[in-house]
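Let's take a walk through a protein model together.

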Amino acid sequence: MSTEQEHPKKAFGWVARDSSGVLSPFNFSRRETGEKDVTFKVAYCGICHSDLHLIKNELESTEWAASTYPLVPGHEIVGVVTEVGSKVEKFKVGDKVGVGCMVGSCHSCDSCANNLENYCPQMILTYGSKYLDGTTTYGGYSDIMVADEHFVVNIPDNLPLDGAAPLLCAGITTYSPLRYFGLDKPGMHVGVAGLGGLGHVAVKFAKAMGVKVTVISTSPGKEEEAIKHLHADSFLVSRDEDQMQAAMGTMDGIIDTVSANHPLLPYIDLLKSHGKLVMVGAPQKRPELPVFPLLLGRKIVAGSCVGGMKETQEMIDFAAKHNVTADIEVIPIDYVNTAMERLAKTDVRYRFVIDIGNTLKPSS
């Protein structure tokens, strides 16, 4: 039965209290379940690379805003509904659900009107932002979550919750540009630059769409993984000039997931005329953009950032239909600081997921 609580909910999670990067237990409150809210018990939460950057305030010098503390990270959140508000229409108690990178928007701008809440100037991030009532938003490294139903997605029963969690960030980040830029047509040739948390999911989605996929990496040791495990069609070592030369002008598009600073010209040269290089990684230094190669081939360098709620649900449904999940390492919550150290060294294949439901226990 739908009910609405009279008091804020007690919650428990792990928090960064300063930029040292260390997380520790934290008692806090979630808002009461409003008439359009969904409350769910968190089962799993993925660890995104941006969590690491934000707990250490490493993005202050970029276009990102400075981190504010206390900060409870996590925007790849899945669980089971425990309560719904009186006007909730899409969810009921017991449903499997998820919340990704945002929990609010203005609902009145052109972006919102076109189901692109992710580009709303007033978009509210799942953690580290100010909510409509002025309170700080706290993420999914916690036992419960409360969110407006508009920003909650349904997780189909055949998708495992742990493997689905990273799709709410890494999944939509790569699915959206494949669709929007028309790089989803069977027989097309798409490159995926970088084989990490984003890149491995990009390969899976592109292959499910029927696209020929080439993984582009600085690491020759990733070739077997790319071809045999992820079923990419080919592999390019970006530091091998002969390989790159032989592949020039062969790709319809490239999804560039690399967050380290890197030159764009080698990727632009791989594109056919009218090809598209889409940036979804976020290097901290602004790259140089060589214009002449763009002019000669009418090529495009573009960016893409997650996706709107309608497309996020579409992505999850597509993943369920085609059995696309992230490759994960499930960890207990008290391993999270070690996981952050490993993530900084890219020592994960390919996404850490915290077992919140079984390992997060409230402190006394």
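Which side chain of opposite charge is nearest to Asp256, and how far away is it? Before the answer, a word on what you're looking at: this is a predicted model, where local features need pLDDT of at least 70, side-chain atom pairs count only at pLDDT 80 or more, and totals for chains, interfaces and linings use all residues. Residues are numbered from 1 along each chain as its sequence is written, and side-chain values use heavy atoms, with hydrogens and water left out.

Now the answer: it's Lys222, 12 Å away. Here Lys and Arg count as positive and Asp and Glu as negative, while His and the chain ends are not counted. Asp256 is buried (under 20% relative accessible area, with exposed meaning over 50% and partly exposed in between, using a 1.4 Å probe and protein chains only), yet Asp256 has no salt bridge, meaning a side-chain nitrogen of Lys or Arg within 4 Å of a carboxyl oxygen of Asp or Glu. A polar atom of the Asp256 side chain does lie 3.1 Å from the backbone nitrogen of Val258. You'll find Asp256 in strand E13, residues 251-256; helices (H or I, at least four residues) and strands (E, at least two) are DSSP runs, numbered from the N terminus. Leaving aside neighbours within four places in sequence, Asp256 is in contact (heavy atoms within 4.5 Å) with residues including Ala193, His262 and Tyr267.

E13 turns up again around helix H4, residues 170-180. Because 9 of the 11 residues of H4 are buried, this helix is largely enclosed by the rest of the structure. What covers those buried residues includes E13, strand E10 (189-193) and helix H10 (309-322). After H4 comes Gly182, with a positive phi near 65°.

Next, find Gly46 in strand E3, residues 37-46. Gly46 counts as buried because its relative accessibility is 0%. Among the residues it touches, not counting those up to four places away in sequence, are Asp51, Tyr141 and Phe352.

Most residues other than glycine have a negative phi, and most peptide bonds are trans. His107 isn't a glycine, but has a positive phi of about 65°; His107 is partly exposed, at 48% relative accessible area. His231 also isn't a glycine and has a positive phi of about 65°, and His231 is exposed, at 51%. As for peptide bonds, the one joining Tyr69 and Pro70 is cis, with omega about 0°. The bond from Arg349 to Tyr350 is cis too, with omega near -5°.

Terms used
A polar contact is a pair of N or O atoms within 3.5 Å; within protein, one must be able to donate a hydrogen and the other to accept it, and residues adjacent in sequence count only if both atoms are side-chain atoms.
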